[in-house]
Amino acid sequence: MKIAVLPGDGIGPEVTAEAVKVLEALALPGLILFEGDVGGVACKRHGHPLPPETLTMARECDAVLFGAVGDPECDGLERSLRPEQAILGLRKELELFANLRPAKVFPGLEHLSPLNSEIASQIDMMFVRELTGDVYFGEKGTRMRNDGLREGWDMMSYSEKEVTRIAQVAFRTARGGADKNRVTSVDKANVLETSQVWRDTVIAAAGSHPDIELSHMYVDNAAMQIISNPGAFGVILTGNLFGDILSDLASAAVGSIGLLASASMGERETEHGLFGLYEPIHGSAPDIAGEGKANPMATILSAAMMLRHSFGLEGEAARIEKAVADALADGVHGGDLGGDYGTQAIGEAVRERL
Ligand code: NAD
Ligand code: IPM
Ligand code: MN
């Protein structure tokens, strides 16, 4: 079981260190960890945010544990050299087109949500976000117009092939849930041609899944309903950009972005399971980096998703998730949840409860 650990920038190294210690505490036989540079750190050391040796390491492992990338000092660099290109490059190069982002309120922890407890208790949704297409990866540029004004442009597109394969992931994911075989496909088909192709293709793909209850919602309405009526959602199938925005929104409804994990997968099988990259949904949080204040739970929960999806270790994954839930129930709250536990203390509290 080979894992590439890519801590990255800002709070990335702080939160991944705690997740690694959780993995080590499980004493899994045959576990080997490698470490590589990504992001601003890699740019400074190797002149590129995703050095070839890091990409090769990731490819040769069975899974990747990723922290976060992003450094305000690099925001002025040309786009291809910015830290964010590391995660975009990994997703594209490793063909990780399916991003699963569960947003669930832990039972008994409704009070962590800013929503009232009755509404908060309904939050149990899974985002299935397409990750290698959309406006993220289209042609883009800036140009000077005839009127002397600078203009930026980004091409948004989805092909039927890209939509079909992510829709199939959403339908498979939904089938696992008890009363949650519901898939809501979120788009902007009232305005965007990209979304019309998306919607038509999702409907066609659903033909072979009569057990799935499929509905469609415009993204603006979805943003509103996720807060006001979260119980309406099981699986939320959506594109790259809308999924990015809506999953941060859902994290706030759960209580904090420091709690939301993610798994990014494609189709490649290893001898242990599906190859995947696992990361918290949050970024490098430069405002608190280096202060030991970051909540590592999202990264620890991402490690649990890794054990489940890439190594078939459902029991160990559930153990980690229960330890996190128990720590939260015992009042182990970071600053993001109004508590005063620091990064290492939270990591320790989770390990004690394994
Ligand atoms: P962010 O997610 O880094 O931070 C948003 C806010 O949430 C900040 O106030 C931060 O302190 C807080 N926060 C985030 N994670 C936290 C945690 N674990 N514990 C406690 N508080 C936490 O988003 P941003 O500020 O918009 O972006 C900062 C940088 O991160 C940018 O360079 C951005 O491009 C990058 N980014 C990277 C990833 C990634 O690597 N996958 C994801 C999102 C943003
Ligand atoms: C995320 C991040 C990334 C995204 C950025 C850093 C490229 O916001 O993983 O949610 O937009 O996908
Ligand atoms: Mn994001």
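Reply: Helix H4 (residues 84–93) contributes the most to the shell around ligand 2, giving three residues, where helices are DSSP runs of H or I with at least four residues, numbered from the N terminus. This is a predicted model, in which local features need pLDDT of at least 70, side-chain atom pairs count only at pLDDT 80 or more, and totals for chains, interfaces and linings use all residues. Residues are numbered from 1 along each chain as its sequence is written, chains are lettered from A and ligands numbered from 1 in the order in which they are written, and side-chain values use heavy atoms, leaving out hydrogens and water.

Me: Ok, which residues are around ligand 2?

Reply: They are Glu84, Leu88, Arg91, Arg101, Arg129, Tyr136, Asp244 and Ile281, where being near means that a heavy atom of the residue lies within 4 Å.

Me: And how far is the side chain of tyrosine 136 from an oxygen atom of ligand 2?

Reply: An N or O atom in the tyrosine 136 side chain is 2.5 Å from an oxygen atom of ligand 2, and for arginine 91 the corresponding distance is 2.7 Å; a polar contact is a pair of N or O atoms within 3.5 Å.

Me: Switching over, which residues come nearest to ligand 1?

Reply: Of the 21 residues around ligand 1, the nearest are Glu84, Gly283, Ala285, Asp287 and Asn295.

Me: What about backbone atoms around ligand 1?

Reply: A polar backbone atom of alanine 285 is 2.8 Å from an oxygen atom of ligand 1, while one of asparagine 295 is 2.9 Å from a nitrogen atom of ligand 1.

How values were computed. Polar contact = N/O pair within 3.5 Å; in protein donor to acceptor, adjacent residues only side chain to side chain. Helix = DSSP H or I, 4+ residues; strand = E, 2+ residues; numbered from the N terminus.
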